[in-house]
Amino acid sequence: MANGIAADGRTSGPGRHPSARKSDNWFKWLLVAPAAVLILAISIYPLLFSVWVLFVNYDFQIPGHAYVGLKNFTQVITDPVARYSLWVTVVLSTINVVLEFLLGLAMAMAMANTFRGRGVLISILIVPLFISPIIVGQVWVLMLHSPFGPTNYLLGLLLGQEVNIRWLTAFPWNFVALVLADMWQWTPFMFVILLAGLTSIPPHVYEAAELDGVGRWQTFWYITVPYIAPMMLLAVTFRLLDAIRLFDTIFIMTGGGPGTSTYSASYYLYTIGFTQFHLSRATAGAWIFMILTLLVVFFLVRRLLRAEVR
Amino acid sequence: MNDREKRDFQAGLEADVDAFLRGEPTRRTFIKRFGQAMGMLPIAGGMLGSGVQWALAQAKMELEDPNTPLGKAQALALKASSEGPADGSAFRAVEAAKQFAGVNLNMTYEAGLQGLDPRNFSGPLWEQLTGIKSTVVELPSPDMYSKPIAEHIAQSGAYDILDLQPQWTPALADGGVIAPLDDYIAKYMNMADLEDYHPLYKALPTYKGKIWGFFDDGDMFALYYRKDIFEDPKLNEAYQAKFNKKLEVPKTWEDYAQVAQFITDQMAPNVYGAGHFRKAGSPGNQFDFMQQFRSNGGMFFDDGMKASIANDIGVKTLNNMIAANKASIPGNEELDAVSLWVAWLQGKIAMMYSWPPTGRMSAGYSQSDKAISFIPQSSIAGKVGYAIVPGGNPEHAFGFNKALAADSANPEAAYLFMQWACSPPVSLARCMLPYALRDPYRISHFKSELYGQLFPSAPEYLANLNASANVGLLDPIMPGAQDYQLSLDRMCTSVWAGTDPMEALKTAAAEWDATTENLGVDAQKGFYQEFLKLPGATAANTVEKLGMAVKL
């Protein structure tokens with residue numbers, strides 16, 4: 001095999017025939033080509049196309065694609081519904097992630113120790129993760145529908161008086177309904193990741209703390225939290241990135257209403273893009289939203305990487 | 001179970017699933033049907049999966065018993081298509097279409113029951129007559145607008161024939177999604193058939209002097225009320241004592257709310273005075289606002305094309321609607337049209353205004369077909385009266401035009417199907433199908449003796465639909481119609497949630513002005529002025545007030 005002579009007699013090293021080397025080079029690119037073409041077709045081209053759409057009129061009801069400068073951006077920025085939907089996105093995603101984190105952590109703590117039936121219980125608890133958000137929304141519509149859903153009836157039994165809460169059509173109950181549905185589906189996500197973190201803490205650390213007479217709260221604060229901090233950050237990062245795209249449950253449960261009170265940024269973009277077909281405005285809104293999201297992502301990923309280094 | 005029964009069963013199951021997901025009281029039926037479906041899977045021979053079997057089933061047509069009114073209407077449609085008269089639009093379309101035998105037409109229909117007509121009747125019959133196949137593409141209502149646009153932008157040629165709301169015509173015509181029919185009409189149609197349209201509907205597909213489709217569904221709102229309740233002597237006595245006037249079917253919106261509240265006070269929880277479909281996106285809110293606002297004398301825009309809804313008339317309209325909500329069945333604000341039908345057919349509501357299928361369902365005619373079994377059997381058959389809605393100006397809400405997709409690879413064949421399906425004899429048979437949800441729109445439909453034999457009160461039902469069309473109002477037909485109506489729906493739902501009516505009206509007016517400015521004030525002004533020329537554009541401009549009322 002010296003000097004690049006292969007077992008079958010062909011050269012493979014620097015001494016190979018130039019045409020064979022050229023052929024190898026082409027073959028490399030040929031192998032990569034399908035993936036490259038696919039990425040270009042479904043990702044890069046639409047992205048570049050959207051940049052063009054940003055600066056022209058691409059509104060279905062206005063003929064032609066005239067250059068409009070920054071008008072699409074100003075229309076979104078000056079639209080009160082757009083600003084409000086951004087606010088709703090921030091509020092809902094923050095509340096959802098905080099509550100899901102706290103509940104998921106509590107559940108993980110409760111499940112950290114082994115007990116009979118733990119495996120079955122964990123399996124049941126994570127079932128909501130496998131259900132489509134559309135179905136989750138529909139189930140909650142059935143549960144909360146006023147007056148036909150069981151929630152008001154059960155609350156009435158509990159409180160001993162008639163309950164007539166319009167969960168889906170009155171503020172602030174429509175927000176409560178959306179948070180409930182989101183928590184039901186996504187708390188198990190936090191739970192699973194945090195449980196993985198908790199079970200990775202070496203037992204001898206806790207044993208040493210117990211021997212030293214460290215209290216439960218101090219154990220949690222000074223041992224558990226530092227150990228699982230990277231996992232916490234990971235869980236919050238992933239969940240937050242998903243939460244700010246909130247669309248499905250809003251679409252099914254409230255339709256953005258009453259009025260525009262439960263419009264999230266995604267729902268707003270969907271409405272102007274695919275209900276009203278103001279495509280250039282929707283594209284401008286999507287870019288604004290993407291840039292804002294990137295800022296959050298950048299911050300969170302930096303924190304995550306820093307935590308990993310430690 | 002034969003193919004037809006399988007299709008109907010499947011349609012019924014899908015409808016049950018939808019109804020179940022909406023939270024309607026059909027859980028038991030749903031569970032039963034779901035169990036049946038699961039049980040059938042091993043023995044059904046691929047009922048759910050076989051595309052070939054499905055395609056074959058689509059090509060099989062079944063006609064009703066020729067002794068029934070529907071069977072007779074179908075036989076007449078078949079005769080007019082195959083034997084003539086030779087100058088009839090149906091016959092001409094069939095003869096001309098035979099040259100396209102083997103072609104396949106893709107046609108959009110609203111998902112659910114609407115698609116059963118082309119699947120079970122008109123599609124197979126057309127194929128039998130011409131050799132032209134058809135594929136029904138079912139779309140949810142909002143997608144009937146957005147999908148054709150998306151496919152046009154992609155230039156996919158996915159559709160040949162589009163079922164579209166008339167209000168979308170300007171946007172889709174200007175956008176190049178649909179093609180004008182004038183040349184084809186001149187070549188193939190018997191022009192007398194155009195005169196058979198009720199005057200309210202005749203001009204609906206016309207835009208910029210061209211014809212962009214054939215009107216095909218008379219979606220006129222009408223008031224349906226329980227005669228037995230209004231004739232109840234004790235109630236009449238109590239009403240007389242309380243208001244010092246007779247209990248009558250209300251003629252104004254104020255009376256409507258008052259009568260509804262009275263019945264609710266007297267009869268709830270067994271019966272409530274009224275019910276409405278007020279759920280966001282349902283889409284009852286905008287139609288109800290538009291009919292009441294114009295009935296109260298309102299105009300949508302002023303001379304400068306500024307929205308003129310945020311005024312006393314707007315407030316009065318919303319206050320009337322709020323009063324009606326308070327007098328209605330619990331959950332009124334969360335009901336959609338189908339949920340409301342369920343409550344109505346179960347006898348829980350004394351008055352409702354809605355689309356024409358309400359009358360056929362009330363009489364129990366629609367439920368004679370398995371496909372519509374997700375709607376409960378009527379417990380009020382024979383007890384229902386028909387009237388023009390309070391205020392005297394009902395909304396023609398939605399409706400459908402059949403339009404030719406500009407990207408169709410077979411435009412002439414597609415046109416010929418449209419001409420045939422909308423011709424007087426074929427359209428009558430289609431409107432009479434119990435499950436199809438196509439509502440009478442031709443003068444010959446309103447006068448049809450066969451239709452009048454469908455159920456005992458059918459002649460009064462037809463007379464009321466015709467009378468309603470004489471004084472009916474059209475949805476605004478102009479670019480931006482979608483946006484204007486979305487704003488109204490948002491406005492109404494925010495008012496139901498407690499927002500001050502004037503504040504909500506101002507928000508909606510601002511959104512309307514933004515839409516107008518975006519589309520161009522002068523251009524929109526021109527479109528609005530054109531719309532105002534149509535019979536039914538305003539309460540002062542109805543078919544009746546223009547002296548064109550149809551008398552049966």
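Visitor: What makes a residue count as buried, partly exposed or exposed?

Guide: Count the other C-beta atoms within 10 Å of its own, with C-beta atoms placed from the backbone. Buried means 20 or more, exposed means 12 or fewer, and partly exposed is in between.

Visitor: And what am I looking at?

Guide: This is a predicted model: local features need pLDDT of at least 70, side-chain atom pairs count only at pLDDT 80 or more, and totals for chains, interfaces and linings use all residues. Residues are numbered from 1 along each chain as its sequence is written, and chains are lettered from A and ligands numbered from 1 in the order in which they are written.

Visitor: How much of chain B is buried?

Guide: 57% of its 552 residues.

Visitor: Is α24(B) largely enclosed or exposed?

Guide: Largely enclosed by the rest of the structure, because 15 of its 16 residues are buried. Helices are DSSP runs of H or I, at least four residues, and strands are runs of E, at least two; both are numbered from the N terminus.

Visitor: What follows α24(B)?

Guide: B:G498, with a positive phi near 120°.

Visitor: New topic. How many residues of chain A are in contact with chain B?

Guide: 26, and they meet 26 residues of chain B. Contact means C-beta atoms, placed from the backbone, within 7 Å.

Visitor: Which helix of chain A gives the most to that side?

Guide: α5(A), with 3 residues.

Note on methods
Two residues are in contact if their C-beta atoms, placed from the backbone, lie within 7 Å.
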